[in-house]
Amino acid sequence: MPIDQMAGQMIVVGFQGDDAGDSSVKALAEAIAAGHLGGVMLLKTNIKSLSAVRAMNQAFRNASPGLPPFITLDQEGGAVERLTKDVGFAEIPSAAAIAAKDSPAQAEVIYARMAAAIADLGFTVNFGPVADVNINPKNPVIAKFGRSYSADPKVVAAYDAAFITAHHAAGVLTALKHFPGHGSSAADSHEGFVDITQTWKPEELEPYRLLIAAGDLDMVMVGHLYHAQYADAGAQTPSSLSPQWIDGVLRTELGYNGVVISDDLEMGAIRDHFDLKQTVTMAVRAGVDVLLFSNTADYSAGLGQAILDILVAESKADPAFAARVAESYDRIVALKRRIAN
């Protein structure tokens, strides 16, 4: 397989446009068809109506029927939803609200309805469930919005399993997040650098440990969280760029061998400290398989191509980097075979 075809599968980008007839949407479909783009991310700005979303997603699916694209969104419930009642989508409560009222079995029924509706619109990946443990009740990005199911990691894992099972029944892939744990943090990685050295606890890995052992995971999403003991020497390496976290803890210690996806690599925690080439090459060397860019910080219609160019150039210059790209390609293709047709 040519290196550009393998590297292309590692790229998922956001875009501007909300209609299948938009030039931006057509360009993305062409990149998917050429094997130069692995998927797209839809935000609220891309959603003007459910029928328009369905048509856009169908165009993306049609572009590569043999190797379907990751057509992704964040649809957790509660405050984190891209599809809302404003466009006629049935909203559901937050993780905290569901766990307070419903058993995991009841939660699975709720998530099954949502997942079926997502699948009907043509999405192939939902970025959830949240595996963060509700350790810090003043957490500005997890606890504040009710995104964690519980302060008990075993309870978190039980509801995560319900979310995943419901999505699998609808043919939708999931991404467990935010490894290694955002629940104890005192800051928000959307805004900037987040240091969890003093707050992070080993039990935050327990949901990952349990779900990896159960074999339920499609993807693990790695957050942008800095811990001094898991960083490069003399550097403040966030978890999304840290081989100590991804290769050391997630793959070696916890035994995970599936797809690793980054959290949005345009969050302040990344873009304020690393340029595009550094971000892409460090993430791949750390063990990230899918590079997620919302393309919202400084929109560029050519962002996907720019990332591809970096991946290809680095692969040609460094055989070890090329081998990492090949590893990611194999994992991604194996996962995409599980997307419902």
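## Asn295

At 5% relative accessibility, Asn295 counts as buried, because the cut-off for that class is under 20% relative accessible area. The model is a predicted one. Asn295 is found in the loop between strand S10 (291-293) and helix H11 (303-317). Its phi is positive, about 60°, although Asn295 is not a glycine. Most residues other than glycine have a negative phi.

## Cis peptide bonds

Most peptide bonds are trans. The bond from Gly128 to Pro129 is cis, with omega near 5°. Pro129 is placed in the loop between strand S6 (125-126) and helix H6 (153-169).

A cis peptide bond also runs from Lys177 to His178, with omega near 0°. Here the second residue, His178, lies in strand S7 (residues 173-179).

## Aromatic pairs

There are eight aromatic pairs in the structure. One of them joins Phe15 and Phe60, with ring centres 5.8 Å apart and 75° between the planes. This pair counts as edge-to-face because the angle is over 60 degrees. It links distant parts of the chain, the two residues being 45 apart. Phe15 sits in the loop between strand S1 (11-14) and helix H2 (23-33), and Phe60 in helix H3 (residues 50-63). Both Phe15 and Phe60 are buried.

One aromatic cluster is formed by Phe179, Trp200, Tyr208, Tyr230 and Trp245.

## Charge over a ring

Lys336 lies over the face of Phe70, and the distance to the ring centre is 4.6 Å.

Terms used
Residues are numbered from 1 along each chain as its sequence is written. This is a predicted model: local features need pLDDT of at least 70, side-chain atom pairs count only at pLDDT 80 or more; totals for chains, interfaces and linings use all residues. Side-chain values use heavy atoms; hydrogens and water are left out. Rings of Phe, Tyr and Trp (its six-membered ring) pair if their centres lie within 6.5 Å; planes under 30 degrees apart count as stacked, over 60 as edge-to-face and the rest as tilted. Helices (H or I, at least four residues) and strands (E, at least two) are DSSP runs, numbered from the N terminus. Buried means under 20% relative accessible area, exposed over 50%, partly exposed in between (1.4 Å probe, protein chains only). A charge sits over a ring if NZ of Lys or CZ of Arg is within 6 Å of the ring centre and within 35 degrees of the ring normal.
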